[in-house]
Amino acid sequence: MNSSRAIQEKFTGCLLGGAIGDALGAPIEFLSLDQIHEQFGYAGITDFYPAYGRLGAITDDTQMTMFTAEGLLRGLVRYRSRGISGAEIAIVHNAYLRWLETQKSPFNLARSIGNGWLITIEALRSRRGPGISCISALTSVTSPGMPVSDDRKGCGTVMRVAPIGLLYDDDLAYRIGKETSALTHGHPTASIAAGALCVIISQLRKEVPLNQAVMSALDIVQQDEIKLGVVHETSEAIDKALSLAKTTRTPSPELVESLGAGWIAEEALAVSIYCALVAEDFSQGVLLAVNHSGDSDSTGAITGNLLGLQYGQKGIPEHWLEQVELHDEIRQLAIDLVDIPENYFPDGNENQEYCDRIFKKYPGV
């Protein structure tokens, strides 16, 4: 397998893995552990179960992850085609505004910003439990790229940022992860937790072992918390997940819940790190990440991102890959995250048809 194909395998694993974890957690997101056991037995949910009227349904977690990827690619296309840099955050913000448009009824394609291909996908025009923080922050946007000024730190900042770590290296990934988080959540912990996941993803992309990747993120987080003079909530959550993973105790929902319910950013990150560290394979990790009394779809999505990147698409059960909603579109985004940075160079590119097609697909606004 050539290097480009190998990278596509990992990127596809990351994005589809996140979608699968999201879809596994969707039916039980608001159930307590006792309710999960009552409905699904002691093992909890072990396969896709109907949610939003179908098997393998994704939620707002995967929807927003897709628009994050699209925004990043449009920023790259803008830079390569026009030489305009420094607008990445505003362009991702516009991508989130396109996602917001899909959440409205009736949907108005004419009002979308720059169109492109993603917003034209019919299945994305469906409300899948969008976070109140994201909806309210995006509804009140006055200038794309401007951070909000509230003190919210919900996990909606972390569950959508994996594509940032796929495209950028550690320090830049951390910064962009923080800045995109601040578009909808104003608490510093929300931004720091999002940045931390971007670093871990960036490290895994370079085939750094997961434990080492987490330690690298922890080091960056600790330095940033000291620099900013903020409470060390994210570093303490990561450290707790690392310590718990080192114990000989058999992984269980009760241990997962000792890290929190995952509704807030640092808890969702900690749960996902723990589940990924103790997992023997992709399936065990994502099922551990969803079967608890908390934000099951978000912790499933983040864990799926981590394990999907670590094991690649081939490490994910085939029936989940085939059944998860929008699998073809998610796979295409993963391929584009590899192909466009490698091949989209409009100046002097002999394949003008390719460049024109990419610019139409990801216009730089």
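Trainee: Let us look at Lys153. Is Lys153 buried or exposed, and what is its relative accessible area?

Mentor: This is a predicted model, so keep that in mind throughout. Lys153 is buried, because its relative accessible area is 16% and the cut-off for buried is under 20%.

Now look at the partner. The side chain of Lys153 meets that of Glu233 in a salt bridge, at 3.1 Å from N to O. The two come from distant parts of the chain, 80 residues apart. Lys153 sits in the loop between helix H5 (132–139) and H6. Glu233 belongs to helix H10 (residues 233–246). Glu233 counts as partly exposed, because its relative accessibility is 23%. So this salt bridge has a buried end at Lys153 and a partly exposed end at Glu233.

That pair is not alone. The whole structure holds 14 salt bridges. Take Lys361 and Asp336 next. Their side chains meet at 2.8 Å, N to O. Lys361 is in helix H17 (residues 352–361) and Asp336 is in helix H16, so this pair ties together parts 25 residues apart in sequence. Here both residues are buried.

Glu179 and Arg175 give another salt bridge, at 3.1 Å from N to O. Both lie in helix H7 (residues 170–181). They are four residues apart, about one turn of the helix. Glu179 has 30% relative accessibility, so Glu179 counts as partly exposed. Arg175 is also partly exposed, at 37%.

Asp169, Asp170, Arg205 and Lys206 are linked in a network.

Return to helix H10, where Glu233 lies. Move along the sequence to Ile238. Leaving out residues up to four places away in sequence, Ile238 touches Ala196, Val214, Leu218, Val221, Leu269 and Ile273. Ile238 is also part of the largest nonpolar core, which has 113 residues. Ile238 is among the five that touch the most other members, along with Ile20, Ile200, Tyr274 and Ile340. Helix H8 (residues 188–205) gives this core its largest share, 11 residues.

Now the open spaces. The largest pocket has a volume of about 380 Å³. Its lining has 19 residues. Leu76, Leu166, Leu167, Tyr168 and Pro341 lie nearest the centre. Two or more lining residues come from each of helix H1 (3–25), helix H3 (60–82), helix H6 (162–167) and helix H16 (327–343). By class, the lining of the largest pocket has 11 nonpolar residues, two polar and six charged.

The second largest pocket holds about 300 Å³ of space. Its lining counts 17 residues. Nearest its centre are Ala43, Pro251, Ser252, Pro253 and Leu288. Helix H2 (33–40), helix H11 (253–257) and helix H13 (282–290) each supply at least two lining residues. This lining divides into nine nonpolar residues, seven polar and one charged.

Finally, go back to the start. Lys153 is buried, and its salt bridge to Glu233 links that loop to helix H10.

Definitions and conventions:
Residues numbered from 1 in each chain as written. Predicted model: local features only at pLDDT ≥ 70, side-chain atom pairs only at ≥ 80, totals over all residues. Heavy atoms only, no water. 1 Å grid on protein atoms, 1.4 Å probe; cavity = no way out; pocket = protein on both sides within 12 Å on 5 of 7 lines; lining within 4 Å. Points joined across faces, edges and corners; volume = space filled by probe spheres on them. Nonpolar A, V, L, I, M, F, W, Y, C, P; charged D, E, K, R; others polar. Core = buried A, V, L, I, M, F, W, Y, C linked by side-chain atoms within 4.5 Å. Buried < 20%, exposed > 50% of the residue type's maximum accessible area, 1.4 Å probe, protein only. Contact = heavy atoms within 4.5 Å. Salt bridge = Lys/Arg side-chain N within 4 Å of Asp/Glu carboxyl O.
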